[in-house]
Structures are given as C-alpha cells and as structure tokens.
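Here is a short briefing to read alongside the sequence and the model. Please keep both in view as you go through the points.

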Amino acid sequence: SEVLGGSLILTQLAGLREQVAGLSIEQIPVRADSPFVGRPLGDTKARTRTRCSIVAILRDSEVLPAPGPADLFESGDTVVAVGTRDGLDHLVRIIAGTG
C-alpha cells in the first residue's frame, strides 16, 4: 500500500504541475556519496537556498510525505521536490554535493 501511496502522491503532483505555470516536479536520488546521507533534511537549507519544497521522501517501499527538517536522508532515498526549474536544478546539485 505504501508503494501505491507514493504513486498517488506523484500523480497528484503531476496534476498540480499542469495547473500552475512555471511549477516543476523533480525526483532526486540520494546517492551513497551525497554529503547529506545520514544528515537531516534541514541541513540542506533547500527552501532558503532554492525556494523549492521537498514534499516527500521515497525509501524502499515506504513514502514519507511532508518530511520535516529533522528527518534523516538515507542512501538510496528519492527526494520528491516542487519548485521552479532553476531552483530544482540547484537542489539536485546541493544533494549531490556539487552545489
């Protein structure tokens, strides 16, 4: 059921993107070499630095909707974020450790 929950979240976000011009959705992998593995989401300062919102973390067959700043990233997670294309590109670099 958790996998279906993840699919439902992504489907709803895709519908939102169609309704709001300039809004994009990105699924960002958290690779083993990311400097944020084992660290809390808040350490990314994603919203402040990119004006993007991390709306879910997909982990194995689980979905963590609306993660908070204290939620830890794990290697293999997929971050679901919403924002402008430029902001999301910046967030990809931050999570990869290149931005």
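This is a predicted model: local features need pLDDT of at least 70, side-chain atom pairs count only at pLDDT 80 or more; totals for chains, interfaces and linings use all residues.

Numbering starts from 1 along each chain as its sequence is written, and side-chain values use heavy atoms, with hydrogens and water left out.

**Overall fold**

- The chain holds 3 helices and 4 strands, taken as DSSP runs numbered from the N terminus (helices are H or I with at least four residues, strands are E with at least two).
- Along the sequence, these elements follow the pattern α-β-α-β-β-β-α.
- Of the 99 residues in the chain, 33% are buried, a term that stands for under 20% relative accessible area with a 1.4 Å probe, counting protein chains only.
- The chain has an accessible surface of about 5,700 Å², with 53% of that belonging to carbon and sulfur atoms; the areas come from the Shrake-Rupley method with a 1.4 Å probe.
- Among contacts (heavy atoms within 4.5 Å) with a separation of 6 or more, 69% join residues 24 or more positions apart.

- The 4 strands make an open sheet in the order S1-S4-S2-S3, with antiparallel pairing; two strands pair if DSSP finds at least two bridges between them.
- Strand S1 (24-29) and S3 are the edge strands, and each has a single partner, so one side of each is left without a neighbour in the sheet.
- From one strand to the next, the twist averages 20°, with axes fitted to C-alpha atoms and angles running from 0 to 180 degrees between N-to-C directions.
- S2 and S3 run antiparallel and are joined by 4 bridges, and Arg59 stands opposite Glu62 in S3.
- H3 packs on the sheet, where it touches S1, S2 and S4, and its direction makes about 10° with that of S1.

**Nonpolar cores**

- The largest nonpolar core has 15 residues, and those with the most contacts inside it are Ile28, Ile54, Phe73, Val79, Ala81, Leu91 and Ile95; such a core is a set of buried Ala, Val, Leu, Ile, Met, Phe, Trp, Tyr and Cys residues joined through side-chain atoms within 4.5 Å.
- Strand S2 (53-59), strand S4 (78-83) and H3 each supply at least two residues of this core, and the largest share, 4 residues, comes from H3.
- Another core, of 7 residues, lies apart from this one and includes Ile25, Ala56, Val63 and Val82.

**Leu88 in H3**

- Leu88 is found in helix H3 (residues 85-96) and is buried, with a relative accessible area of 0%.
- Beyond its neighbours within four places in sequence, Leu88 is in contact with Ser24, Ile25, Glu26, Cys52, Ala81, Val82 and Gly83.
- Leu88 and Gln27 are 61 residues apart in sequence, while their C-alpha atoms are 9.5 Å apart in space.

**Asp77 in a loop**

- Asp77 sits in the loop between strand S3 (62-65) and S4, and Asp77 is buried at a relative accessible area of 1%.
- The Asp77 side chain makes a polar contact with the side chain of Arg59 at 2.7 Å; the term covers a pair of N or O atoms within 3.5 Å, where within protein one must be able to donate a hydrogen and the other to accept it, and residues adjacent in sequence count only if both atoms are side-chain atoms.
- A polar atom of the Asp77 side chain also lies 2.7 Å from the backbone nitrogen of Glu74.
- Not counting residues up to four places away in sequence, Asp77 touches Ile28, Pro29, Val30, Ile57, Leu58, Arg59 and Leu72.

Notes
Buried means under 20% relative accessible area, exposed over 50%, partly exposed in between (1.4 Å probe, protein chains only).
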